[in-house]
Amino acid sequence: MGKKTLKVYLENSVVGGYFDDEFKKYTHKLFEKFRDETYKPIISSHVIAELESGAPDYVIENLKTINYEEYAVNEEMIKLTEKYMEQKIVSNKYYGDALHIAAATVIGVDILVSWNFKHIVNQNRIKIFNSVNLQEGYNILEIRSTKEVVGDE
């Protein structure tokens, strides 16, 4: 029996992190794991929408170098995001961050990777996101920094 390919939801900070001095070492490792199919990259249409509303073209072009699977944001994802917002896990200004978590939860990925330590890779917030997920009948979502996922080999 072959090893299961890890389904990894890419949040926007990771897509942009490829070119960021602070984050590129681990982001490049992650993209290598996508290219050699160790991991399966998963995104939502929300990732593309965020990129198109402000990322440089080369960031969008680089995303196209990996064979990602894209899911459209749907009603179920929006409803779950609204449950997060009711719990005030993040303020309205960061609705987009909550939508990434809802999308990854509904899609059912193995892990969400992010470099956003304030609103996403944040232990207190992760606990509340996951308590809402469980209340709503979803699985717990693993949320990690890219460094935690690829590690120091």
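Which residue forms a salt bridge with Lys-4? In this predicted model, the partner is Asp-110, and the closest N and O atoms of the pair are 3.1 Å apart. Lys-4 is exposed, at 61% relative accessibility, whereas Asp-110 is partly exposed, with a relative accessible area of 25%.

Let's look at the other charged pairs. The count of salt bridges comes to 5, and the Lys-4 pair is one of them.

| Pair | N to O distance |
|---|---|
| Lys-4 and Asp-110 | 3.1 Å |
| Lys-40 and Glu-69 | 3.9 Å |
| Arg-144 and Glu-142 | 2.9 Å |

The side chains of Lys-40 and Glu-69 meet in a salt bridge. Lys-40 lies in strand 2 (residues 39–44) and Glu-69 in strand 3 (residues 69–71), so this pair ties together parts that are 29 residues apart in sequence. Lys-40 is partly exposed, with a relative accessible area of 22%, and Glu-69 is partly exposed at 29%.

For the pair of Arg-144 and Glu-142, Arg-144 has a relative accessible area of 28% and is partly exposed. Glu-142, at 34% relative accessibility, also counts as partly exposed.

Now for a cluster of like charge. Glu-75, Glu-82, Glu-86 and Glu-136 gather on the surface in a patch of negative charge. Of these, Glu-136 is found in the loop between helix 7 (123–135) and strand 5 (143–145). Glu-136 is partly exposed, with a relative accessible area of 34%.

Technical notes:
Residues are numbered from 1 along each chain as its sequence is written. This is a predicted model: local features need pLDDT of at least 70, side-chain atom pairs count only at pLDDT 80 or more; totals for chains, interfaces and linings use all residues. Side-chain values use heavy atoms; hydrogens and water are left out. Patches are made of residues with over 30% relative accessible area and no salt bridge: like charges are joined within 9 Å, nonpolar side chains (Val, Leu, Ile, Met, Phe, Trp, Tyr) within 5 Å. Accessible areas come from the Shrake-Rupley method with a 1.4 Å probe; for residues, only the protein chains shown count as cover. A salt bridge is a side-chain nitrogen of Lys or Arg within 4 Å of a carboxyl oxygen of Asp or Glu. Lys and Arg count as positive and Asp and Glu as negative; His and the chain ends are not counted. The place of a charge is taken as NZ of Lys, CZ of Arg, CG of Asp or CD of Glu. Helices (H or I, at least four residues) and strands (E, at least two) are DSSP runs, numbered from the N terminus. Buried means under 20% relative accessible area, exposed over 50%, partly exposed in between (1.4 Å probe, protein chains only).
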